[in-house]
Amino acid sequence: MPPGPTPPYGFAGAFDSFGALTLTWKSRQPDGAVGTTFQVSRRLNNSGRYEILDTVGTREFVDTTLPVGTHSVAYVVVAKRGAKTSTPAGFTMRFGQGGGGGGW
């Protein structure tokens, strides 16, 4: 029986022309491991609890529900395989103007 899943890493985020944010990551799983899924949770503007958005079978999640006016978004992704889970891995994006030009 293979060990539990390893945590995701190498996160990146990009907006499409419709305002949806595509979050991608990398994941190396042990030899013989099949059926790994990824649970994606989100927290807005650094407040409140993380809410589970979805569980996906790929290394990508498209967030089409970001509210207008969001200043930051934090995601936590957990690899799951059967009853085993990885250590949570996080990724945060900040939006808006910053000193000297802005961006995220």
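1. Contact is taken here to mean heavy atoms within 4.5 Å. By that criterion, among contacts in the protein between residues at least 6 apart in sequence, 54% join residues at least 24 apart.

2. The model is a predicted one, in which local features need pLDDT of at least 70, side-chain atom pairs count only at pLDDT 80 or more, and totals for chains, interfaces and linings use all residues. Residues are numbered from 1 along each chain as its sequence is written, and side-chain values use heavy atoms, with hydrogens and water left out.

3. The protein contains zero helices and eight strands; helices (H or I, at least four residues) and strands (E, at least two) are DSSP runs, numbered from the N terminus. The C-alpha trace spans about 50 × 25 × 25 Å along its principal axes. Of the 104 residues, 34% count as buried, where buried means under 20% relative accessible area, exposed over 50%, and partly exposed in between (1.4 Å probe, protein chains only). The protein exposes about 6400 Å², of which carbon and sulfur atoms supply 53%; accessible areas come from the Shrake-Rupley method with a 1.4 Å probe, and for residues only the protein chains shown count as cover.

4. An open sheet is formed by three strands in the order β1-β2-β5, with antiparallel pairing. Its edge strands are β1 (9-15) and β5, each of which pairs on one side only. On average, neighbouring strands of this sheet are turned by 15 degrees against each other, direction ignored; the axes are lines fitted to C-alpha atoms, for helices over the stretch in contact, and angles run from 0 to 180 degrees between N-to-C directions. Two strands are said to pair if DSSP finds at least two bridges between them.

5. The antiparallel pairing of β1 with β2 (residues 21-26) extends over five bridges, and T22 in β2 is the bridge partner of A14. The hairpin of these two strands has five residues between them, and G19 takes a positive phi near 90 degrees there. On the other pairing, β2 and β5 are joined in the antiparallel sense over four bridges, with L21 standing opposite D63 in β5.

6. D63 lies in strand β5 (residues 60-63) and counts as buried because its relative accessibility is 1%. Apart from its neighbours within four places in sequence, D63 is in contact with A20, L21, R42, L53 and Y75. With Y75 the D63 side chain makes a side-chain polar contact of 2.6 Å; a polar contact is a pair of N or O atoms within 3.5 Å, where within protein one must be able to donate a hydrogen and the other to accept it, and residues adjacent in sequence count only if both atoms are side-chain atoms.

7. One salt bridge is counted, defined as a side-chain nitrogen of Lys or Arg within 4 Å of a carboxyl oxygen of Asp or Glu. The side chains of R42 and D63 meet in a salt bridge at 2.9 Å, N to O. This pair links distant parts of the chain, with R42 in strand β3 (residues 37-44) and D63 in strand β5, 21 residues apart. R42 and D63 are both buried.
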